[in-house]
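Keep the viewer open while you read.

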Amino acid sequence: MGVIVSLNPADTESLGESWGRAAQRGLVVALNGDLGAGKTALVRGLARGLGCTSRVHSPTFTLVNVYEGGRLPLFHLDLYRLETKEQIHSAGVDEYLQPDGVAVIEWAERLFERGVRNAERGTGDAARIIRFVTIEIADEHTRRIVYEDTGA
Ligand code: ADP
Ligand code: MG
């Protein structure tokens with residue numbers, strides 16, 4: 001588990017960037033945090049760390065934005081508009097849980113509920129790493145970012 005305190009958007013992007021540089025194929029990054037917490041900022045850093053120069057913004061009219069051109073493709077999902085489990089599954093989210101590249105999911109709590117960490121640990125699927133990330137807004141510019149890998 002790791003905790004960092006981010007003092008500005010650049011700090012948040014840097015954390016994502018370091019993850020992008022180190023990421024292995026199959027990594028899923030599950031982002032939680034309120035609107036304006038900095039989830040998309042972290043994704044921007046991830047793309048940069050993978051060496052991808054695409055413009056990063058949350059997918060609005062599609063399920064996923066794919067950023068190519070980096071070391072691995074980055075699949076960017078945002079579940080904000082998908083409220084129920086049924087909507088999430090029928091939208092096709094599941095195929096991105098074992099990505100041929102790196103997947104990052106905003107509002108991941110819509111998919112992974114409490115207790116999922118233990119459930120995921122129990123699958124015995126060694127290839128699957130999920131990094132659970134929570135971004136808490138401490139004040140206007142300060143964010144507390146807590147992350148933990150499961151399934152490693
Ligand atoms: P989310 O995707 O979680 O809704 P965004 O990344 O789109 O959040 O927006 C985060 C907003 O918060 C931006 O306007 C950004 O400038 C601001 N901000 C202020 N401090 C930080 C910080 N430490 N890290 C990330 N964003 C920050
Ligand atoms: Mg966002």
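## Ground rules

This is a predicted model, so local features need pLDDT of at least 70 and side-chain atom pairs count only at pLDDT 80 or more, while totals for chains, interfaces and linings use all residues. Residues are numbered from 1 along each chain as its sequence is written, chains are lettered from A and ligands numbered from 1 in the order in which they are written, and side-chain values use heavy atoms, with hydrogens and water left out.

## The sheet

Start with the open sheet: seven strands in the order S1-S7-S6-S2-S5-S4-S3, with mixed pairing. At its edges sit S1 (2-6) and S3 (64-67), each pairing on one side only. From one strand to the next, the twist averages 20°. Strands here are DSSP E runs of at least two residues, helices are H or I runs of at least four, and both are numbered from the N terminus. Two strands pair if DSSP finds at least two bridges between them.

On the antiparallel side of things, S1 and S7 (residues 143-150) are joined by five bridges, with Ile4 partnered by Ile145 in S7. S6 and S7 are also antiparallel, over eight bridges, and here Arg131 has Asp149 as its bridge partner in S7. A hairpin of five residues links S6 to S7. S4 (residues 74-78) and S5, by contrast, run parallel and share five bridges; Asp78 partners Glu106 in S5.

Helix H2 lies across S2 (27-32), S3, S4, S5 and S6 (129-137), running at about 170° to S5. That angle is taken between N-to-C directions, on a scale from 0 to 180 degrees, with axes fitted to C-alpha atoms (for helices, over the stretch in contact).

Glu106 is buried, with a relative accessible area of 3%. Buried means under 20% relative accessible area, exposed over 50%, and partly exposed in between (1.4 Å probe, protein chains only).

## Around ligand 1

Ligand 1 is surrounded by 17 residues, the closest being Thr12, Gly36, Lys39, Thr40 and His141; a residue qualifies if one of its heavy atoms lies within 4 Å.

One nitrogen of ligand 1 is 3.2 Å from a polar backbone atom of Asn8. An oxygen atom of the ligand is 2.9 Å from a polar backbone atom of Gly38, and an oxygen atom is 2.9 Å from an N or O atom in the Thr40 side chain.

Asn32 belongs to S2 and counts as buried at 14% relative accessibility. Its side chain reaches the backbone nitrogen of Glu109 at 2.7 Å. Beyond its neighbours within four places in sequence, Asn32 is in contact (heavy atoms within 4.5 Å) with residues including Lys39, Trp107 and Val133.

Trp107 sits in the loop between S5 and helix H4 (116-121) and is buried too, at 9% relative accessibility. Most residues other than glycine have a negative phi. Phi of Trp107, however, is positive, near 55°.

Key: A polar contact is a pair of N or O atoms within 3.5 Å; within protein, one must be able to donate a hydrogen and the other to accept it, and residues adjacent in sequence count only if both atoms are side-chain atoms.
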